[in-house]
Amino acid sequence: MRDYLLFYVNGMRHQISGEQGFQSLSDFLRNDLGLVGTKVVCAEGDCGSCTLLIGRVRNSQFFYESIDSCIMYLYQLDCSHVITVEGLKGDQNIHPVQEAMIEMFGSQCGYCTPGFVMSMAAMLESQETMTRSSIQDGLTGNLCRCTGYEQIIEAALSLNQKDIPKVTKLFNEEKMLLDFRKHVSKAVSSEFEERWNGNSQKIKFYVPATMDEALKFKQKHNDVTLVAGGTDISVQMNKERLEPNCVMSLTHLSSLECFEINEKTLTVGAKLSWSKLEEYCQQHLPQFAEIIEIFASRQIKNAATIAGNIANASPIADSLPFLYVIDAEIELSRYQPNSKVVEKRWVRINKFYHGYKKTEMRPEELITRIRWNLPEVEDILKLYKVSKRKDLDISTFTAGIWLKLKKGEIENVRLAFGGVGPVVLRLSRTEEYLKGKPLILKTLQSAGKIAREEINPISDVRASSGNRLQLSENILEKFFHECCDSRIQKEVA
Ligand SMILES: Cc1cc2nc3c(=O)[nH]c(=O)nc-3n(C[C@H](O)[C@H](O)[C@H](O)COP(=O)(O)OP(=O)(O)OC[C@H]3O[C@@H](n4cnc5c(N)ncnc54)[C@H](O)[C@@H]3O)c2cc1C
Ligand code: FES
Ligand code: FES
């Protein structure tokens, strides 16, 4: 066991324990290290001005990705290497990305600029070709309020003509790897005493090195706050809606990052990031990949995990309509102290939510894997996210529709709508109505009328209840025109 976190910033070693571990990375850089190139504007992962590169070791190699440092806490950083905008230049005056931003007039007030520079540096690190569409995708998580995006895109495009060495080669990775190798197999446990108004309480963070340690800790500390990517939890902490006094970071549980296809079944680890899942689904499940493409920004998707989305239990979580209609199962694991074994159980997602933010998960359990059967080639699967903006926006309404057809008739169907109740809802009456009916426009129109009777949405800042009722009805007609027109003609023929 260790009582300190170990990580490097721009090649410099840092050991952190106690209260310091409870800082966001951006605060640590700016306040403790004086690296004020990293800016903070929104402090909730929305604007990208705090973007950095974070390198984690997988199979004895560093992999670098962009993240938002305002919502990454130090207890998530053990055995990683952080590169800030100050670390980019090496022996040069400035980095070629910074040069390009100057040459193409990509900066005015400059507040967003370090974030844009770091996002472009991340694209170069992963050897992406700069095209208009890859740039728009890579910079979705960076907002600029004064320059206008055209000049920034021009700056990124101009990088194609430059021969730019990998920034990560500026640092002695061998030295860091050796150091991490000596440390990574030891869990980190550190605490401090917080004194306030005559009271005091112990605040603790724990970073297990193995799954067993994680489950044993959860068994002993039922009220511990789990942090995977932290993209939900850290926003709440920054906004002072949550002040946990015991945190367990899942950073080192790489066994929870699996992706396996066994015949028809796809099994993914709880801690698989949205970026990795998007990459895998592009090949194996394009319908889900389309939704992940418009899920948050690259910085968020590099950190956020599928289990975080499930456990957060939001009725507008974007993964849920898909997981409902594909009939996914969630593996829950816990340590059983009497028999000293790890017990696992699979729960259908359709039985997982008991009410708003209430789940089937017991206090001592962790989500460890999620599995589902891949759709058959002839199945129709369509997923929808309705939001005010296409990119980086919270959903107003979501829907998942899965159909099995036989000779033009609906043999089986699953419908799940989000944003229309306290949990994502399966529409059982509408499903019953659809079974055995011919797949024609009239069927879907009548089903839409039943669907709106099955839900009771509220009005909020994103939409009125009437708007959501109309969306629930119209989405079925939209589905028909998008997916069924040509398909049904083929089936009938
Ligand atoms: C700017 C921004 C944009 C976003 N955009 C979207 C979006 O488009 N669509 C969307 O659906 N969401 C969005 N989110 C929300 C968030 O990114 C997702 O819900 C994400 O999947 C959460 O994963 P995480 O690993 O970061 O969760 P964390 O914040 O680490 O955890 C979330 C919850 O899950 C629990 N948890 C995590 N892992 C486990 C586990 N293995 N077992 C049990 N409990 C666990 C935690 O204790 C916590 O209660 C956005 C968030 C931000 C900040
Ligand atoms: S400050 Fe806006 S994303 Fe971090
Ligand atoms: S240059 Fe001012 S916000 Fe982008």
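**Entry 1: Leu-381**

Which residues does Leu-381 touch, not counting residues up to four places away in sequence? I noted first that this is a predicted model. With that in mind I looked up the contacts and found Gln-287, Pro-375 and Trp-402 as the partners of Leu-381. I then checked where Leu-381 sits, and it belongs to strand β17, which covers residues 380-386.

Is Leu-381 buried or exposed? It counts as buried, because 20 C-beta neighbours lie inside 10 Å, and the cut-off for buried is 20 or more. I also looked at Ile-401, which is 20 residues away from Leu-381 in sequence, yet the two C-alpha atoms are 5.7 Å apart in space.

**Entry 2: domains**

Next I wrote down how the protein is divided: domain 1 is 1-184, domain 2 is 188-249, domain 3 is 254-373 and domain 4 is 380-492. In the contact list I found 11 residues of domain 1 meeting six residues of domain 3. On the domain 1 side, strand β4 (residues 61-68) provides the largest share, with four residues. Sorting that side by class gave me seven polar, two nonpolar and two charged residues.

**Entry 3: ligand 1**

How many residues surround ligand 1? I got 29, and the closest are Gly-45, Gly-229, Gly-308, Asn-309 and Ala-311. By class, I noted 16 nonpolar, nine polar and four charged residues in this shell.

I also asked which elements the shell draws on. At least two residues each come from β8 (225-227), α8 (233-238), α11 (298-303), α12 (306-312) and β16 (366-373). Helix α12 gives the most, with five residues.

**Entry 4: the nonpolar core**

Last, I turned to the largest nonpolar core, which has 135 residues. Which members touch the most others? They are Val-82 and Ala-121. Helix α3 (residues 113-125) supplies the largest share of this core, eight residues.

Leaving out residues up to four places away in sequence, Val-82 touches Phe-7, Tyr-8, Val-9, Leu-25, Leu-52, Ile-54 and Leu-77.

Notes. Residues numbered from 1 in each chain as written. Chains lettered and ligands numbered in written order. Predicted model: local features only at pLDDT ≥ 70, side-chain atom pairs only at ≥ 80, totals over all residues. Domains from an automatic or database assignment. Contact = placed C-beta atoms within 7 Å. Nonpolar A, V, L, I, M, F, W, Y, C, P; charged D, E, K, R; others polar. Near = placed C-beta within 6 Å. Core = buried A, V, L, I, M, F, W, Y, C linked by C-beta atoms within 7 Å. Buried ≥ 20, exposed ≤ 12 C-beta atoms within 10 Å, placed from the backbone.
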